[in-house]
Amino acid sequence: MKRALLIPAAVVTLLTLAGPAAAAPLPGEIVHTETVSMSDGTPITVGFTEWPIRALQSLDFTFQPAGGIGGRTGLVTTVSPSGDRRGLKGIVLQRRDDAIVLPRHPRAAQVWGLDVVSLPEEGTWRFEFAVENAGGTSTGVLPIQAIEQPGPPLGLSWTVALAPWAPVVALVAVGWIRTRAIRRGAKPGWSG
Amino acid sequence: MSPEPSHIPRREVTGAWFLLLGYATLLTGMVWDGQWHGDVGPDNFWTAPHLFLYTGTGIIGLTCLIVVLLSTWGSGPATGTPSVTVFRTFRAPWPFLVGGLGASANLLYAGSDLWWHEVYGFDIAAGATPSHFGLGLSIQVEIFAMIMAFAVLRRTRSERWGLALAVGLATLGSTSAFNMVSELLFQWLPGIAPRVLGLAAAAALILSLVVGLTRSWHWPAATGLTFVLVQGGLALFAPAATRWYAEAIGQPMRDYAANLPQVLIGFPPTYPLVALLAGVMTAWAVRRGVHPVRIAVAAGALAGVNTALFYGGIGIMEMNLPLTLVAATALGAGMGSLGWQSAVLLRRFRERAAASVPQAVIA
């Protein structure tokens, strides 16, 4: 009888202990996942908080290698559709050459992740992965499609934002020209 | 004992100090916000650093509104500060008209920024957005208003220290707008970091403005001291406040958050040496009778050299150092000349204020 109880108890304990490690990161936030096959056969699950991805729109990525991130270093080179190997810019991203050294996700420390970043260009991006561990380096590639940016065309947004400054520039320029005599005729003395 | 008649009404003196308080609050919010984005990340319209930004702008806007209303309907002699009549009714002294317009524009761009973040999210890493560009320019207008308000005063020691403090805040605070404009104008230049040019231009303009405005060695040197206070104070405050706030609202710090003060690389901390040197050059020029414009240009060039060498030294920007050094020095010298000419106009502002006293009394 005792043994009969022990087995389910052990199963429950195992499931509870194993749960957090195996649990999908950012529950309720990840809306899509893709799997990257790596050269050593250990796949990486990439999670997205927005899908489809629109150019310029922020999202979080999670990167979860099978077997966890312990003892491994993750690198991703984000190649933009126009070929920029540092396509994904960030204010505090750590890099090794062009590759971003993957940090843990701030709200899901069991996986790597990038939070509040955007893909600035429309088209097909290439995420080139490299995972280093004691046994060597494995590599893999994930193509990611970024569709058209939301909102009005960027040119229009910039025009609307900058237009109010045109009369300001004109007024300052006219004022500057009209005060030319004052500026040129200033006494060169040092009395303050 | 006062050598000058009190031709500037009290409301404008108090108003100038309130502009300074408002801008100090705004700058604190801006530096804290930058630190927060780097070390923690997620934000929304209501985060504490953002509230500092809005409060600062609110203080500036309300101050300008109150001063204009009091100038229009208040009792006592009219102000000697050059003023304009707006909508045929409101009598607005120039510094407070400019400040009010800056604060209003800031408010409008903040609204458009809210919309922008709703559509695109909160990533600000992709570069300047149209709404951030507008915010940066509006805040720069508020900075100019604060300097104008103190440039008209300068009668007492405390008012002159007010100018020095305003200039210390303005030097650090001008980074945002000057960087954005510089990136827009100079991105195409090969081998030259546009941000270095922007920061060199800001430092050169403001330093030469102080030389031209005060024409004594004390005040360029004093602005070096106030700059140390501003940058040092914010370097202590921003990382500590970020850590505390993240803990308070339960946000984890980023994996690679070094929690080091970003404000120390946002503007060269070596700048006070340049301000001190500008003071020394001024003292020498006063004794030798050298034309002040030469000192203003030299101080500007020196600010350019300092900026290029600092960023070349710490290596956080991609650039060809000799090329950037030449460009920053030349731009610094040019801005030095511009700063001098702006100072001439601002001094005239004050002279007109003094000259108009008898008329105001007669009226």
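The model is predicted, so local features need pLDDT of at least 70 and side-chain atom pairs count only at pLDDT 80 or more, while totals for chains, interfaces and linings use all residues. Residues are numbered from 1 along each chain as its sequence is written, and chains are lettered from A and ligands numbered from 1 in the order in which they are written. Helices (H or I, at least four residues) and strands (E, at least two) are DSSP runs, numbered from the N terminus.

Helix α5(B) covers residues 157-173. Of its 17 residues, 12 are buried, so the rest of the structure largely encloses this helix. Buried means that 20 or more other C-beta atoms, placed from the backbone, lie within 10 Å of the residue's own. The buried residues of α5(B) include G162(B), A166(B) and G173(B).

A nonpolar core is a set of buried Ala, Val, Leu, Ile, Met, Phe, Trp, Tyr and Cys residues joined through C-beta atoms within 7 Å. The largest has 113 residues; Y23(B), M146(B), A166(B), A200(B), L207(B) and A299(B) touch the most other members. Helix α7(B) supplies the largest share of this core, 15 residues. Beyond its neighbours within four places in sequence, A200(B) contacts A303(B), G304(B), T307(B), A308(B), A328(B), L331(B) and G332(B). Contact requires C-beta atoms, placed from the backbone, within 7 Å. Another core, of 28 residues, lies apart from the largest one; among its members are I44(A), V79(A), W125(A) and A146(A).

Between the chains, the contact takes 31 residues from chain B and 31 residues from chain A. On the chain B side, the elements giving two or more residues are α1 (10-39), α3 (94-120), α4 (130-152), α11 (292-314) and α12 (321-355). Helix α4(B) gives the most, with five residues.

In chain A, six strands form an open, mixed sheet in the order β3-β11-β10-β5-β7-β6. Strands pair if DSSP finds at least two bridges between them. β3 (53-54) and β6 (95-96) of chain A each have a single partner strand, so one side of each lacks a neighbour in the sheet. β6(A) pairs with β7(A) (residues 99-101) in the antiparallel sense over two bridges.

How values were computed: Contact = placed C-beta atoms within 7 Å. Expected span 1.5 Å × (residues − 1).
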